[in-house]
Amino acid sequence: MDQQQVLEMLVELCEDEIIVENPDIDLFEEGLLDSFGTINLLVEIENRFNISVPITDFNREEWNTPNRIAGKLAERQ
């Protein structure tokens, strides 16, 4: 798994290319992710990268940008 794969996944989930243009965008503040989207994100992470992230480990402040998501996933590999 690399950063590009994470960005591609987020573009598909959020249906917005701005993620590639601005990997530091706050996905929640911009309305690209909400609670339902968070569940979809965690399921997709497990399906694509075989990395399980319990919802109890998900903190919006730590997972709010594409770059932070990529970093968190790299820690869990």
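Author: Helices (H or I, at least four residues) and strands (E, at least two) are DSSP runs, numbered from the N terminus. With that, residues 1-77 are 55% helix and 0% strand, and the end C-alpha atoms of this span lie 9 Å apart. The model is predicted, so local features need pLDDT of at least 70 and side-chain atom pairs count only at pLDDT 80 or more, while totals for chains, interfaces and linings use all residues. Residues are numbered from 1 along each chain as its sequence is written, and side-chain values use heavy atoms, with hydrogens and water left out.

Reader: How many helices and strands does the protein have?

Author: There are four helices and zero strands. Along the sequence the pattern reads α-α-α-α.

Reader: What radius of gyration would a compact globule with 77 residues have, and what does the protein have?

Author: The radius of gyration is taken over C-alpha atoms, and the globule rule is 2.2 Å times the number of residues to the power 0.38. For 77 residues the rule gives a value near 11 Å, and the protein has 11 Å, which agrees. Along its principal axes the C-alpha trace spans about 25 × 25 × 20 Å.

Reader: How much of the protein counts as buried?

Author: Buried means under 20% relative accessible area, exposed over 50%, and partly exposed in between (1.4 Å probe, protein chains only). Of the 77 residues, 39% count as buried. For the total surface, accessible areas come from the Shrake-Rupley method with a 1.4 Å probe, and for residues only the protein chains shown count as cover. The accessible surface of the protein comes to about 4,600 Å², and 41% of this belongs to carbon and sulfur atoms.

Reader: Which residues have the most contacts inside the largest nonpolar core?

Author: In soluble globular proteins, nonpolar side chains tend to be buried together. A nonpolar core is a set of buried Ala, Val, Leu, Ile, Met, Phe, Trp, Tyr and Cys residues joined through side-chain atoms within 4.5 Å. The largest one here has 23 residues, and Ile45 and Leu73 have the most contacts inside it. Helices α1 (3-14), α3 (35-49) and α4 (66-76) each supply at least two of its residues. Helix α1 gives the most, with six residues.

Reader: What is Leu73 in contact with, leaving aside its neighbours within four places in sequence?

Author: Contact means heavy atoms within 4.5 Å. On that basis Leu73 touches Met1, Val6, Ile45, Phe49, Ile51, Val53 and Trp63. Over the protein, among contacts with a separation of 6 or more, 55% are between residues 24 or more positions apart.

Reader: How is a pair of aromatic rings described?

Author: It is described by the distance of the centres and the angle of the planes. Rings of Phe, Tyr and Trp (its six-membered ring) pair if their centres lie within 6.5 Å; planes under 30 degrees apart count as stacked, over 60 as edge-to-face and the rest as tilted. By this rule the count comes to two aromatic pairs. The ring centres of Phe28 and Phe58 are 6.2 Å apart and their planes are at 75 degrees, so this pair is edge-to-face. The pair links distant parts of the chain, 30 residues apart: Phe28 is in the loop between α2 (18-21) and α3, and Phe58 is in the loop between α3 and α4. Both Phe28 and Phe58 are buried. Together with Trp63 they form one aromatic cluster.

Reader: Which backbone angle stands out at Glu15 and Asn50?

Author: Glu15 has a positive phi of about 55 degrees although it is not a glycine, and Asn50 likewise has a positive phi of about 55 degrees without being a glycine. Glu15 lies in the loop between α1 and α2, and Asn50 is in the loop between α3 and α4. At 71% relative accessibility Glu15 counts as exposed, and at 67% Asn50 counts as exposed.
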